Amino acid sequence: MQLPVLAALVLIVAGVWSLVVWPQFLRRVMKDPRARDAAGKATRFLTVHVVLVSISMLLGLATAVIGVLGLLS
């Protein structure tokens with residue numbers, strides 16, 4: 001399958017965007033008082049956001065890789 005150069009570039013930019021933005025979001029979530037209970041244990045709030053960020057970053061990485069492969073083919 002041939003991927004147009006513009007489409008490949010859009011995928012790369014979208015993937016890199018996810019890899020840059022989501023870690024910043026997670027840093028803010030981890031500083032949120034709802035992230036830990038009184039004993040310092042992670043709450044569901046933190047757990048859900050870590051899963052969300054992890055999946056989003058994996059999808060961002062996959063998107064960028066597909067874009068790069070599209071440029072190389």
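Predicted model: local features only at pLDDT ≥ 70, side-chain atom pairs only at ≥ 80, totals over all residues.
**Exercise 1. Find which residues of helix α1 are buried, and say what covers them.**

Solution. Next, look for what sits over them: helix α2 is part of the cover.

**Exercise 2. Work out how α1 and α2 are arranged relative to each other.**

Solution. For α1 (residues 5–31) and α2 (residues 44–72), the angle is about 160° and the axes are 7 Å apart. Angles over 145 degrees count as roughly antiparallel, so that's the label for α1 and α2. The handedness of the α1 and α2 crossing is left-handed. Sorting the residues of this α1–α2 contact by class gives 25 nonpolar, eight polar and no charged ones.

**Exercise 3. Check the length of each helix against 1.5 Å a residue.**

Solution. Take α1 to begin with. Its 27 residues should span 39 Å, and the end C-alpha atoms are 40 Å apart, so the two agree. Then α2: 29 residues should span 42 Å, and its end C-alpha atoms are 42 Å apart, which agrees too.

**Exercise 4. Decide whether Trp-22 is buried, partly exposed or exposed, and list what it touches beyond its sequence neighbours.**

Solution. Trp-22 belongs to helix α1. Its relative accessibility is 22%, and buried would need under 20%, so Trp-22 counts as partly exposed. Skip residues up to four places away in sequence, and Trp-22 touches Leu-52, Val-53, Ser-56 and Met-57. As a side check, pick Ala-7, 15 residues from Trp-22 along the chain: their C-alpha atoms are separated by 22 Å.

**Exercise 5. Repeat the accessibility call for His-49, and name its contacts.**

Solution. His-49 sits in helix α2. With 17% relative accessibility, His-49 falls under the 20% cut-off and so counts as buried. Leave out neighbours within four places in sequence, and the contacts of His-49 are Phe-25, Leu-26 and Val-29.

Definitions and conventions. Residues numbered from 1 in each chain as written. Heavy atoms only, no water. Axes fitted to C-alpha atoms, helices over the stretch in contact; angles between N-to-C directions. Helix = DSSP H or I, 4+ residues; strand = E, 2+ residues; numbered from the N terminus. Parallel < 35°, antiparallel > 145°, perpendicular 65-115°, else oblique. Left-handed = near helix turned anticlockwise from the far one by under 90°. Nonpolar A, V, L, I, M, F, W, Y, C, P; charged D, E, K, R; others polar. Buried < 20%, exposed > 50% of the residue type's maximum accessible area, 1.4 Å probe, protein only. Contact = heavy atoms within 4.5 Å. Expected span 1.5 Å × (residues − 1).
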